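Student: Please take me through one part of this model closely. I would like to look at a loop residue, and then at some helices for context.

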Amino acid sequence: MNMLQTSERNITVSTHINNPSGQVSMKFVTLVSIVAALGGLLFGFDTAVVSGAVGFMKERFSLSEVEVGWAVSSLIIGCIVGAAASGVLSDRFGRKKVLIAAALLFVIGSIGSAIPDTFSGYIIARIIGGLGIGITSTLCPLYNAEIAPAKYRGRLVALNQFATVTGIFLVYFINTSIANHADEAWNIASGWRWMFGFGAVPGLIFLVLLFFVPESPRWLIKQGRAAESLPILLRIHGEELAKKEVLEIKESFKQEDGSIRQLFSPALRLALIVGVGLAILQQVTGINAVMYYAPEIFKQTGTGTNAALTQTILVGLINFLFTILAIWLIDKVGRKVLLLVGSASMTICLAVIGIAFHTGHTSGNLVLVFILLYVASFAVSLGPVVWVVMSEIFPNRIRGKATAIASMALWIADYVVSQTFPPMLSSAGPAMTFWIFGILSLVTFVFTMRVVPETKGRSLEEIESLWSAKKV
C-alpha cells in the first residue's frame, strides 16, 4: 500500500499536466483503443484473404477438395491454439507484450504463406499466422475493456469487430486489384503470393503502434505495480475517479485467488456459462457458413457465378454498415437488448430462408433479401456484442485466462461450422440446414433472456459483484 500512497500524494501535481479538466480523456482512450482494434483488422484480413487466393493455389499445387478445405481451415487450428495460450501468457507477461508477439507471428505467417514452394510449407505458415490471430482476437477486446471508461466501454471494445469487417472489405479490394494485374497464369504462379504477402503491411503497422500504447492498468495493479497504473488511469479518468478506480481494482484482487477453479465456484459459475455459451452460440447460428460460403449458397438459388459474387459483396457491405450501427447503439440501448432483438430477427430470417428452399421459391431476390437481413441482424447484435460481453464479465485476476477459454470455444465452434456446412448443405439440403441455424438462433434468444445480465454503464468491478447475487 506504500507505493499506492506515495503515488496518490503526487496525483494533484500531475493532474494538471495529464488531465487538467479532470474529465475522461476520450482522445487518449480512443487512440489507444483504435490501435488495439487494429488486431481485429488483421483478423478480418487473414480470414478473408484465402477466399481470393485458394482458386489459384488449387491449380498451383494440384489440390484435392479435402486439401482445399484444409487450405482454408488450417488458419483456424492456429487460432484455437493461440486463443487457448493467450490467457496464461498475458497474465504472466502483460497484455502489451503478448500483443507485440502476436503481431510478429502475424507478419511471419503472412510472409511465410507467400513464399513456400510446397503446400505443407504454406500450411505451417498459416498455422503460425493463426496463432497471432487467436491471440489478438482474445486480447484486443480484453485490453480495450480494461482501459476504457465504463460509459464508453461497449463502443470502444466493439471497435474490434468494426476493424474485423473493415479488414474483410479491404482484402476484397486488394485481392481484386492483384488478380486483375495480369493474366491467370501469373496469378497461379505469383498472384496468390502477393495476396498473402500484403498482409505483412497492416501487421507491421500494428506492431509499430503497439510500442506507443500503455500496458493495461488493471494488469499492472495485479502485478503490484499500482504506481505505474496511476498515470494511465489519470489520463483516462481524472484525479478523483483514478484514485477510486485503483482502490476498487486492488480490493477486487483481494477477493480472488486467480485460479481457473474460481470460475467453477457458485459465485462465478454463471459468468463462465454466459461467456462460453455466447461464444459458441455466436458461431453455431451460422454466420460464418454464410460469410465463407455465400457464393455457393446463392448458386443454390440458380444464380450465376458472377451474380453470386456480386451478391456476396452486398453481404459484406451490410455487415460493415450494421456493425457501425452497433457501435453507436451498444452504449445507448445496452448489450442485452441488442442480443435479444438481433437473435429474434435472425430466427425469423433463417426460418423464411428455409421455407423458401423447401418450397422451391428461390427465384427472384427473396433469399438474398432475407440473407441480407440475417447478416444485418447478426452485425448489430451477436457480432460485436459477444466480444464485448466476453471481455467484461470475468473477474480481474482471472480475466485473461477466462476470456481465453471463451475465445477458444468460439474458434472451435467456428471450425466445426466451417467444416460441416458443405456436407450438411449437400446431404440434409439447404432448407434443413438453415432451419437448424434458426433453431439455434431461438436458443440464443432464450439463453440471453434467462441468464445474460445487462452490463451497460457498469465498471468492471461492479460487473464482477453482480455474479455473487446470481449463483447457480
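Tutor: Start with a cut-off: a residue counts as exposed when its relative accessible area is over 50%. Serine 62 has a relative accessible area of 60%, so serine 62 is exposed. Serine 62 sits in the loop between helix H3 (26–61) and helix H4 (65–93). Now look at its backbone. Most residues other than glycine have a negative phi. The phi of serine 62 is near 50°, a positive value in a residue other than glycine.

Next, some buried residues. In helix H9 (residues 200–210), Ala200, Pro202, Gly203, Phe206, Leu207 and Leu210 are buried. Seen down the axis of H9, these buried residues fall within an arc of 165°, so they line one face of the helix.

Now a pair of helices. Helix H18 (residues 382–392) packs with helix H19 (residues 399–427) at an angle of about 150°, and their axes are 8 Å apart. Angles over 145 degrees count as roughly antiparallel. H18 and H19 are therefore roughly antiparallel to each other. From H18 come Trp387, Met390 and Ser391; they meet Arg399, Thr403, Ala406, Ser407 and Leu410 in H19. By class, this contact has four nonpolar, three polar and one charged residues.

Finally, remember that this is a predicted model. The protein chain averages a pLDDT of 82, and 83% of the residues score at least 70. Confidence is highest in helix H5 (residues 95–114), at a mean of 95, and lowest in helix H2 (residues 11–18), at 38. Over residues 1–22, pLDDT stays under 50.

How values were computed: Residues are numbered from 1 along each chain as its sequence is written. This is a predicted model: local features need pLDDT of at least 70, side-chain atom pairs count only at pLDDT 80 or more; totals for chains, interfaces and linings use all residues. Side-chain values use heavy atoms; hydrogens and water are left out. Axes are lines fitted to C-alpha atoms, for helices over the stretch in contact, and angles run from 0 to 180 degrees between N-to-C directions. Helices (H or I, at least four residues) and strands (E, at least two) are DSSP runs, numbered from the N terminus. Angles under 35 degrees count as roughly parallel, over 145 as roughly antiparallel, 65 to 115 as roughly perpendicular and the rest as oblique. Contact means heavy atoms within 4.5 Å. Ala, Val, Leu, Ile, Met, Phe, Trp, Tyr, Cys and Pro count as nonpolar, Asp, Glu, Lys and Arg as charged, and the others, Gly among them, as polar. pLDDT is the predictor's confidence in each residue, from 0 to 100. Buried means under 20% relative accessible area, exposed over 50%, partly exposed in between (1.4 Å probe, protein chains only). The arc is that of the directions from the helix axis to the C-beta atoms.
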